[in-house]
Amino acid sequence: MSEKAQTFHPGETVPQSGIYECDCGQSHRWSTSTNVKNHTFPPLPEDCSGGAWALKDPAHPAD
């Protein structure tokens, strides 16, 4: 991730549907998660050194 994005911790409520990636900066397996608004963020991958999820691709981007 090139710019500083707002991050969300596992167990928090998803604010916007989309694809989120972990904030560790590595492209390891399972580093992304598709999440639905108002659901709960899942745990980070076991091998992840990060601590939160950041929105990578919104499900309904603004035009």
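Student: How many aromatic pairs are there?
Tutor: The count comes to 3 aromatic pairs. Rings of Phe, Tyr and Trp (its six-membered ring) pair if their centres lie within 6.5 Å; planes under 30 degrees apart are stacked, over 60 edge-to-face, the rest tilted. This is a predicted model: local features need pLDDT of at least 70, side-chain atom pairs pLDDT 80 or more, while totals for chains, interfaces and linings use all residues. Numbering runs from 1 along each chain as its sequence is written, and side-chain values use heavy atoms, without hydrogens and water.
Student: What about Phe8 and Phe41?
Tutor: That pair is stacked, 5.5 Å centre to centre with 10° between the planes. Phe8 sits in strand 1 (residues 7-8) and Phe41 in the loop between strand 3 (32-35) and strand 4 (53-58), so the pair ties together parts 33 residues apart in sequence. Strands are DSSP E runs of at least two residues, numbered from the N terminus.
Student: Is Phe41 buried or exposed?
Tutor: Phe41 is buried, at 2% relative accessibility. Buried means under 20% relative accessible area, with a 1.4 Å probe and protein chains only. Phe8 is buried too, at 12%.
Student: And how do Tyr20 and Phe41 pair?
Tutor: Edge-to-face: centres 4.9 Å apart, planes at 80°. Tyr20 is in strand 2 (residues 18-22), 21 residues from Phe41.
Student: Switching topic, which residues make up the largest nonpolar core?
Tutor: It has 9 residues, including Phe8, Tyr20, Phe41, Leu44 and Trp53. Such a core is a set of buried Ala, Val, Leu, Ile, Met, Phe, Trp, Tyr and Cys joined through side-chain atoms within 4.5 Å.

Technical notes. Helices (H or I, at least four residues) and strands (E, at least two) are DSSP runs, numbered from the N terminus. Buried means under 20% relative accessible area, exposed over 50%, partly exposed in between (1.4 Å probe, protein chains only).
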